Amino acid sequence: EKYQELYRPQVHFSPKEHWLNDPNGMVYYNGTYHLFYQYYPGGINWGPMHWGHATSKDLMHWKELPIALYPDSLGYIFSGSAVVDVDNTSGFGSKGKPPIVAIFTHHDPKAERAGRNDFQNQSIAYSLDEGNTWVKYRGNPVLKNPGIRDFRDPKVMWYARQKKWIMTLATLDHITFYSSPNLKDWKKESEFGKHLGAHGGVWECPDLFPLTFEGKTYWVLVVNLNPGGPNGGSATQYFVGDFDGSTFMPLNKDSKWADYGPDEYAGITWSNTGKRKIFLGWMSNWEYAGQLPTEKWRNAMTLPRELSLTKINGELILVSNIVRELDAIALKPVVSKAALSINQPEFKFEQKLPGQFKMKFSLDKLTTHTLKFQNDAGEQILIGYDDEKKHYFIDRTKSGVVNFNPNFAKIVYAPRLAITSNSDIELVFDYSSVELFADNGLSVMSCLFFPHQPFTHLTLVNNKGIILKNLEIVPLKSIWK
Ligand code: FRU
């Protein structure tokens, strides 16, 4: 059967075969979520980039389609976005038949080898058949490189108030905003971030979108960073502020992390979803993405997450929660308890864990504890909270195959941002990953692991006694069956 290989994610998108990195061109249209992605059909390592394509009606079940964009004389097809050009500003379609327009980076490997600095340029392509086939614009590139080596990953949105398109572009160590009336002619608006936020590496894959909180609209600027993430390697930072059609003004000089775990990168949101903002990341890390021990394909996406804002200590924080569509693959809980009071330091659950599942519980008072997920091969992943350090952690040092890269076997941390004494914890386990959403999505971590068999036993370790409220372990149906 398909999608049955060792380590194959059962509830996350991964390509049937070959290499995958960043999500690209995510756009919702006519009831379908499109997911394009950085794809190399020639093997399981990064190579000349194409845009792969998959679609879903429910954000869970994906259908892989033929490759959407191939490299051409202008270069490889690097990351970018897609929009529905409703008013046909580009002229590629008609009013009744709006084109979907993809805006992406053309990366010219020859120019790069020749030692030039202007080998990354922005280009466009359009589709008149809902993303099935694409025509590249003859006037490409539409935004030429001014001499910045890292000049890429355009994320475009319609700024209705001024009836213009805004492109958020990663330009080495800052963001440059451009605007356009028609997606073809671009004008520079402003720069942001040279000395703000995290700069342990290059800025890549940005996103800019509004979110409302208590009736007021704020703008979130997402900036992916590689390396320099909180647990090493690549990660997604964000700023909250205001945007006036030209300039982004942050409320804070510091950025925060959308996901503290080691394995979420290049995360951005779907376009054309209205007020709802749905985020998806590449579930990997450039530190070792090319060495993961899979054979047929390499790398997968995170689960889609719905974003919102909340205020903690007067600061606006981005909240991520698994989209409600996950319910579509939820089976009958195998554990369901209003309250489970545990008094022994090591409590072994009798229930054998299903292959992939969601686990959730609440604590009236969050205290130090560890959930030990183990298999019969002596491998384990530990997930818990340290009340002295006030952080959540995931320990994958003994989680199975870890020796493919020296940076993989480690304990990773996420600070606790919530200030309440109670806590809600949700985990989604797939064959080779876990995603932690603590405090209703305030502290989030995505983390890969490669056990020889699934983790089937659970032990809860704590030192003071603990009461798990509304505990549920819900098996998830494979999205490939
Ligand atoms: C981020 C990234 C992008 C680039 C793409 C190339 O992971 O480096 O900046 O467009 O991957 O595959």
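This is a predicted model: local features need pLDDT of at least 70, side-chain atom pairs count only at pLDDT 80 or more; totals for chains, interfaces and linings use all residues.
**View 1. The shell around the ligand, sorted by residue class.** By name, the residues surrounding the ligand are N21, D22, Q38, W46, M49, F78, S79, R152, D153, E204, Y265 and W286. Three strands, β1 (18-29), β5 (76-84) and β9 (151-159), each contribute at least two residues to this shell.

View 2. In the side chain of R152, an N or O atom is 2.6 Å from an oxygen atom of the ligand. For E204, a polar side-chain atom lies 3.0 Å from an oxygen atom of the ligand, and for N21 the corresponding distance from a polar side-chain atom to a ligand oxygen is 3.1 Å. Taken on its own, the ligand has 320 Å² of accessible area, of which the protein covers 95%.

**View 3. The largest pocket and the residues that line it.** The space in the largest pocket comes to about 630 Å³. This pocket is lined by 30 residues, and those closest to its centre are W158, P210, N272, G274 and K277. When the lining is divided by class, the largest pocket has 15 nonpolar, 9 polar and 6 charged residues.

**View 4. Strands that contribute to the lining of the largest pocket.** At least two residues of this lining come from each of β5, β9, β13 (202-213), β14 (216-226) and β21 (305-312). Among the strands, β13 gives the most to the lining of the largest pocket, namely 6 residues. Two of the strands named here, β5 and β9, also each supply at least two residues of the shell around the ligand.

View 5. The model contains 4 cavities of 30 Å³ or more, and the largest cavity has a volume of about 100 Å³. Of the 13 residues lining this largest cavity, L292, N299, A300, S432 and L448 are the closest to its centre. The lining of the largest cavity consists, by class, of 8 nonpolar, 4 polar and 1 charged residues.

View 6. The peptide bond that runs from N140 to P141 is cis, with an omega near -5 degrees, and P141 is located in the loop between β8 (135-136) and β9. A cis peptide bond is also present from N226 to P227, where omega is near -10 degrees, and P227 belongs to the loop between β14 and β15 (235-243).

View 7. Although E130 is not a glycine, its phi is positive, at about 60 degrees. The position of E130 is in the loop between β7 (120-127) and β8.

**View 8. The whole chain, as a setting for the close-up views.** The protein chain has a secondary structure of 1 helix and 34 strands. Along the principal axes, its C-alpha atoms fill a box of roughly 70 × 50 × 45 Å.

Methods
Residues are numbered from 1 along each chain as its sequence is written. Side-chain values use heavy atoms; hydrogens and water are left out. A residue is near a molecule or strand if one of its heavy atoms lies within 4 Å of it. A polar contact is a pair of N or O atoms within 3.5 Å; within protein, one must be able to donate a hydrogen and the other to accept it, and residues adjacent in sequence count only if both atoms are side-chain atoms. Accessible areas come from the Shrake-Rupley method with a 1.4 Å probe; for residues, only the protein chains shown count as cover. Helices (H or I, at least four residues) and strands (E, at least two) are DSSP runs, numbered from the N terminus. On a 1 Å grid over the protein atoms alone, a cavity is a set of points where a 1.4 Å probe fits but cannot get out, and a pocket is an open set with protein on both sides within 12 Å along at least five of seven lines; lining residues have an atom within 4 Å of a point. Grid points are joined across faces, edges and corners, and a volume is the space filled by probe spheres set on the points. Ala, Val, Leu, Ile, Met, Phe, Trp, Tyr, Cys and Pro count as nonpolar, Asp, Glu, Lys and Arg as charged, and the others, Gly among them, as polar.
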